[in-house]
Amino acid sequence: MAEEANPFESLQEQIDDAAVHVDVPEDVLERFKHPERVLETNLTVEMDDGSLSIFKAFRSQFNGDRGPYKGGVRYHPGVSRDEVKALSGWMVYKCGVVDIPYGGGKGGIVVEPRDLSTGELERLTRSFAKELRPIVGEDRDIPAPDVNTGQREMNWIKDTYETLENTTAPGVVTGKAIESGGSEGRVEATGRSVMLTAREAFDYLDRDIESATVAVQGYGNAGSVAAKLIESELGANVVAVSDSSGAVHDPGGLDAAAVRSHKDETGTVTGYPDASEEFSNEDLLTMDVDLLIPAALENAIDGDLARDVKADVVVEAANGPLTPEADDVLTESEVYVFPDILANAGGVTVSYFEWVQNRQRFYWPESRVNDELERHIVDAFDGLTAAFENHDLPNFRRAAYVVALERLGRAYRESGTWP
Ligand code: NAD
């Protein structure tokens, strides 16, 4: 992993950069750069051996001017207050880019989930849900999965909330299992929006996606689905993928679905029998490919590493995978970066569809979910490229923030100020 930039400072820098092009007063801009509130709590959990452990946890509610706070819950030893604040802010701008009626939130627990049994994880999650209960709700704040959380954790949060509130409220979280009120297409949604962004990007740049070579860093929910869809729906050649154990490479093309099955069976992509070679993660990020997809964690590429990036196009599946310095380096070297707040917005967009279905108690077939998602991502892509051209902006990230900041500014102006 590269040099550590503070992700909250990165977010604020990105907002400042965009604000130059948008008519937002300084004082209102300050509001858009800070969370409205952050819950910090210490969860006490009984472990299987009867001892008690304390886990630090956060929930940041960044901005609610456009709707309820919305964002995932991450379980990772590297979770910090600033990381959660940054991730919650990115959600505000992400919901703004794809124009869905949500603000931004994010939560996290400082934990290595692999060290806990399923029972311990359930008690930890229910303990967090109990702390969250007063501040979340279908119209207040709607958590979702993020790194190391998924349907199982969302079902536990929903069940805890509903039990304590003595009600049914499936829309209190999204990313649930279908049987618990989840949406068709949700599991694949983030990878699908990465695929759609790559398709639109190559079309916009007048490049052929079918002959493109692709490398994917991080092979979890976002990365592996993106790789599979880019291969199956766009016909591109996924030549290398990695996870925290290292990278596998085959210049003739990997079978993205088969690598995922190998990871499901063994826990890692390394050891995939049909790869021609294995190397380090860093080597994957500097491969000479047409399309690079960082899909692991933030700050994967810093300024130094960016100087060695040889890909022509970067589509960000992870949140904040480039430091601001890396962003500048890639802009200067004319690598086209399509930003996280557009590319991975499929997750929150289909979360929105899940919530709409929960509120209506009327469920859509997968084809409708995928069609609506495609419409949102293509419209957002077109809005972003229009801003890029109209404001003569240096890169597409700046364009995405400009679009989102304009929408946020309008929402705030129209609501007025409460004393
Ligand atoms: P995940 O836990 O399913 O997968 C993360 C993957 O990254 C794993 O394969 C892990 O081994 C790998 N990884 C971790 N450290 C690495 C390293 N140093 N080098 C290479 N690989 C490494 O998580 P996810 O849900 O796929 O999320 C990945 C990123 O996408 C995060 O930044 C997350 O915030 C973002 N994201 C996810 C969703 C979603 O719906 N899942 C939505 C929006 C954004």
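**Close-up views of a predicted model**

View 1. Beyond its neighbours within four places in sequence, Arg-398 is in contact with Asp-17, Ala-18, His-21 and Leu-393. Arg-398 itself belongs to helix 15, which spans residues 396–415. The residue is buried but has no salt bridge. Asp-17 is the nearest side chain of opposite charge, and it is 4.1 Å away.

**View 2. The aromatic pair of Tyr-102 and Trp-355.** The count of aromatic pairs in the model comes to 13. One of them joins Tyr-102 and Trp-355 in an edge-to-face arrangement, with 5.3 Å from centre to centre and 65 degrees between the planes. The pair links distant parts of the chain, its members being 253 residues apart. Tyr-102 is in the loop between helix 3 (81–97) and strand 4 (104–110), whereas Trp-355 is in helix 13. Both Tyr-102 and Trp-355 are buried.

**View 3. Phe-353, Trp-364 and Arg-368.** Phe-353 and Trp-364 form a tilted aromatic pair, with ring centres 5.3 Å apart and planes at 40 degrees. Phe-353 is located in helix 13 and Trp-364 in the loop between helix 13 and helix 14, so the pair ties together parts that are eleven residues apart in sequence. Phe-353 is buried, with a relative accessible area of 2%. Trp-364 also counts as buried, at 8% relative accessibility. Over the face of Trp-364 lies Arg-368, at 4.0 Å from the ring centre.

**View 4. A cluster of aromatic rings.** Tyr-204, Tyr-336, Phe-338, Phe-381, Phe-388 and Phe-396 are linked into a cluster by ring pairs.

**View 5. Lys-85 and the ring of Phe-8.** The charged end of Lys-85 sits over the ring of Phe-8, at 4.3 Å from the ring centre.

View 6. Most residues other than glycine have a negative phi.

**View 7. The protein chain as a whole, for orientation.** The chain has 15 helices and twelve strands. Its radius of gyration is 20 Å, close to the 22 Å that the globule rule gives for 419 residues, so the chain is as compact as a globular protein of that length. The C-alpha trace spans about 55 × 55 × 45 Å along its principal axes. Of the 419 residues, 60% count as buried. Among contacts with a separation of 6 or more, 69% are between residues 24 or more positions apart.

Terms used: Residues numbered from 1 in each chain as written. Predicted model: local features only at pLDDT ≥ 70, side-chain atom pairs only at ≥ 80, totals over all residues. Heavy atoms only, no water. Helix = DSSP H or I, 4+ residues; strand = E, 2+ residues; numbered from the N terminus. Phe/Tyr/Trp six-rings, centres within 6.5 Å; stacked < 30°, edge-to-face > 60°. Buried < 20%, exposed > 50% of the residue type's maximum accessible area, 1.4 Å probe, protein only. Lys NZ or Arg CZ within 6 Å of the ring centre and 35° of its normal. Lys, Arg positive; Asp, Glu negative; His and termini not counted. Salt bridge = Lys/Arg side-chain N within 4 Å of Asp/Glu carboxyl O. Contact = heavy atoms within 4.5 Å. Rg over C-alpha atoms; globule rule 2.2 N^0.38 Å.
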